[in-house]
Amino acid sequence: MPYAKIIGSGGYLPPRIVSNDDLAADLASRHIETSDTWIRERTGIRQRHIADADMTTSQLATWAAQAALENAGIEAAEVDLIIVATSTPDFVFPSTACLVQANLNAPGGAAFDVQAVCSGFVYALATADAFIRAGRSKTALVIGAEVFSSILDWSDRGTCVLFGDGAGAVVLRASEEPGIIAAQLNADGRQMGILCAAGNVSHGKVVGDPFLRMDGQAVFKLAVTSLTKSAHDVCDQAGVSLDDVNWLVPHQANVRIINFLGRRLGIGDDRVVITVDQHANTSAASVPLAFDVARRDGRIKAGDTVLMQGVGGGFTWGSILVKI
Ligand code: ACO
């Protein structure tokens with residue numbers, strides 16, 4: 001049975017950078033109080049990239065995909081599977097993956113979206129891994145892409161300071177050499193209320209609440225406990241010790257969650273990739289963006305064992321253990 005090996009990665013961040021001070025000034029003009037100090041101390045976030053109003057998730061996804069294809073040194077025509085993880089698709093349908101496929105001018109293979117919010121990339125990677133292991137795909141593009149700024153309530157300081165926009169992608173190829181060595185996905189739908197955007201378009205109208213709502217403390221607790229167990233489970237599945245993990249690439253929601261998690265797993269700060277300070281929380285894009293940053297700056301190298309972890313609305317979570 002072939003492995004799914006990562007042969008390329010890429011990312012795209014919208015050029016407009018909004019610092020905490022910029023955001024605080026903007027909110028102050030609408031009589032909403034926040035500060036760089038509050039945001040940094042509670043979350044570790046210093047800035048975020050925000051898409052212009054006419055930028056769509058499929059565009060961000062396409063640019064990240066092109067960067068990943070170039071990094072892998074392959075043509076889009078070789079791709080026979082595209083999976084996009086997103087909670088901010090361009091349309092109700094067609095899927096964002098089909099729009100990306102059209103942009104890449106690579107028709108023919110399967111293309112579909114996965115919706116697991118901030119766990120979306122990990123879910124999509126596990127899905128592509130299963131396709132490759134089953135012989136149903138040889139070359140897959142797996143993308144996490146979001147314009148989360150479009151579903152934020154910019155008058156809710158408890159949520160609007162936390163998120164940013166962006167896209168990250170990897171190219172997977174069937175290989176005899178180990179790539180993804182274990183995957184582990186979970187959900188608990190009973191916890192849907194702690195993080196949701198419970199709106200829809202129906203009969204030509206927005207029904208329900210179109211904005212993201214969150215119980216931050218409940219999310220914090222559940223994220224730490226679920227990711228701790230998931231890390232142990234995926235390592236047990238692969239017969240790998242947490243000591244052998246060279247890099248933890250966790251979902252980038254909040255530096256305090258990441259620090260807690262690292263301490264619980266016995267993984268020191270020097271083995272944890274952090275981009276939340278620069279990118280804020282880009283939901284499904286956060287793990288592939290962080291992975292790409294650390295791969296390109298030379299921290300993640302061939303032969304390394306990398307633990308990727310996602311957690312988010314649903315409630316969903318999961319882990320992927322991958323040999324680079
Ligand atoms: N600026 C200033 N004050 C603020 C802000 C802000 N942006 N937001 C909230 N506050 C105030 C609150 O109004 C409250 O004031 P009060 O005491 O007068 O009522 C005070 O700060 C404390 O609010 P809490 O919500 O209790 O703050 P907490 O310490 O829990 O921090 C946070 C909030 C950062 C969201 C925290 O709960 C957290 O990290 N949760 C994890 C959730 C997360 O990271 N979610 C990201 C998306 S989910 C995911 O990706 C998995």
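Visitor: Which residues of helix α1 are buried?

Guide: An α-helix has 3.6 residues a turn, so residues three or four places apart point the same way. In helix α1 (residues 20–28) of this predicted model, the buried residues, those under 20% relative accessible area with a 1.4 Å probe and protein chains only, are Asn-20, Leu-23, Ala-24 and Leu-27. They cover an arc of only 100 degrees around the axis, which places them on the same side of α1; the arc is taken from the directions from the helix axis to the C-beta atoms.

Visitor: What do the buried residues of α1 pack against?

Guide: Their partners, with contact meaning heavy atoms within 4.5 Å, are β2 (17–19), α2 (36–43), β3 (47–49) and α6 (157–160).

Visitor: At what angle do helix α3 and helix α4 pack?

Guide: Two packed helices are described by the angle between their axes and the distance between the axes. Helix α3 (residues 57–72) and helix α4 (residues 96–103) pack at about 55 degrees, and their axes are 9 Å apart. That angle makes α3 oblique to α4, since angles under 35 degrees count as roughly parallel, over 145 as roughly antiparallel, 65 to 115 as roughly perpendicular and the rest as oblique.

Visitor: Which residues make this contact?

Guide: From α3 come Thr-57, Ser-58, Ala-61 and Thr-62, and from α4 come Thr-96, Leu-99, Val-100 and Asn-103.

Guide: As for the conventions, residues are numbered from 1 along each chain as its sequence is written. Local features need pLDDT of at least 70, and side-chain atom pairs count only at pLDDT 80 or more.

How values were computed. Side-chain values use heavy atoms; hydrogens and water are left out. Buried means under 20% relative accessible area, exposed over 50%, partly exposed in between (1.4 Å probe, protein chains only). Helices (H or I, at least four residues) and strands (E, at least two) are DSSP runs, numbered from the N terminus. Axes are lines fitted to C-alpha atoms, for helices over the stretch in contact, and angles run from 0 to 180 degrees between N-to-C directions.
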